[in-house]
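Subject: Structure for you to look at

Hello,

Here is the structure I promised to pass on. Please open it alongside this note. My findings follow below.

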Amino acid sequence: MYEEGPTVPTEPTTKPVTIIDSGKCGENAFWSLDSNYCLTISGSGDMEDYTWNENRGCNDYEDEITSVVVEDGITSIGNEAFEYLHNLTDITLPESVNKITYQ
């Protein structure tokens, strides 16, 4: 008869996610960046438009951000909002977004 050996505990495969930076990106819209370099846009209403030389807090992470999650309540994505996110591979948009500006 086969006997099972002792159970060996395994290490968790994922690290806890923490917010590493955050800021405002509209009158009632906010951004936060987590330790997995996922940029989350939350709140309500429109995101602001940006220009290439405008300094916004997430600029410091534009080469690290790989995903964006826009939460329900945001109604528009501002011009150039994700323009310089060079390693962005995944974006999630809710049904509440009804306008994406790109000039």
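Two strands count as paired if DSSP finds at least two bridges between them. With that in mind, take glycine 45: its bridge partner is isoleucine 74, in β6. One caution before going on: this is a predicted model.

Between β4 and β6, two bridges make the parallel pairing.

The five-stranded sheet

Another open sheet has five strands, in the order β1-β2-β3-β5-β7. Here the pairing is mixed. Which strands stand at the edges? They are β1 (19–24) and β7 (90–92). Each has a single partner strand, so one side of each is left without a neighbour in the sheet. From one strand to the next, the twist averages 15 degrees.

β1 and β2 pair in the antiparallel sense, over five bridges. Glycine 23 stands opposite tryptophan 31, which is in β2.

Look also at serine 67, in strand β5. Is serine 67 buried or exposed? Its relative accessibility is 14%, so serine 67 counts as buried, the cut-off being under 20%. Leaving aside residues up to four places away in sequence, serine 67 touches Tyr37, Cys38, Leu39, Leu88 and Asp90.

The core

In soluble globular proteins, nonpolar side chains tend to be buried together. In this model, the largest nonpolar core has 18 residues. Those with the most contacts inside this core are Leu39, Ile41, Met47, Val70 and Phe82. The largest share comes from β2, with three residues.

Met47 deserves a look of its own. What does methionine 47 touch, not counting residues up to four places away in sequence? The list is Cys25, Ile41, Ile74, Ser76, Ile77, Gly78, Ala81 and Phe82. Two of these names, Ile41 and Phe82, are also among the core residues with the most contacts. Ile74 is the bridge partner of glycine 45.

Best wishes

Note on methods: Residues numbered from 1 in each chain as written. Predicted model: local features only at pLDDT ≥ 70, side-chain atom pairs only at ≥ 80, totals over all residues. Heavy atoms only, no water. Core = buried A, V, L, I, M, F, W, Y, C linked by side-chain atoms within 4.5 Å. Buried < 20%, exposed > 50% of the residue type's maximum accessible area, 1.4 Å probe, protein only. Helix = DSSP H or I, 4+ residues; strand = E, 2+ residues; numbered from the N terminus. Contact = heavy atoms within 4.5 Å. Axes fitted to C-alpha atoms, helices over the stretch in contact; angles between N-to-C directions.
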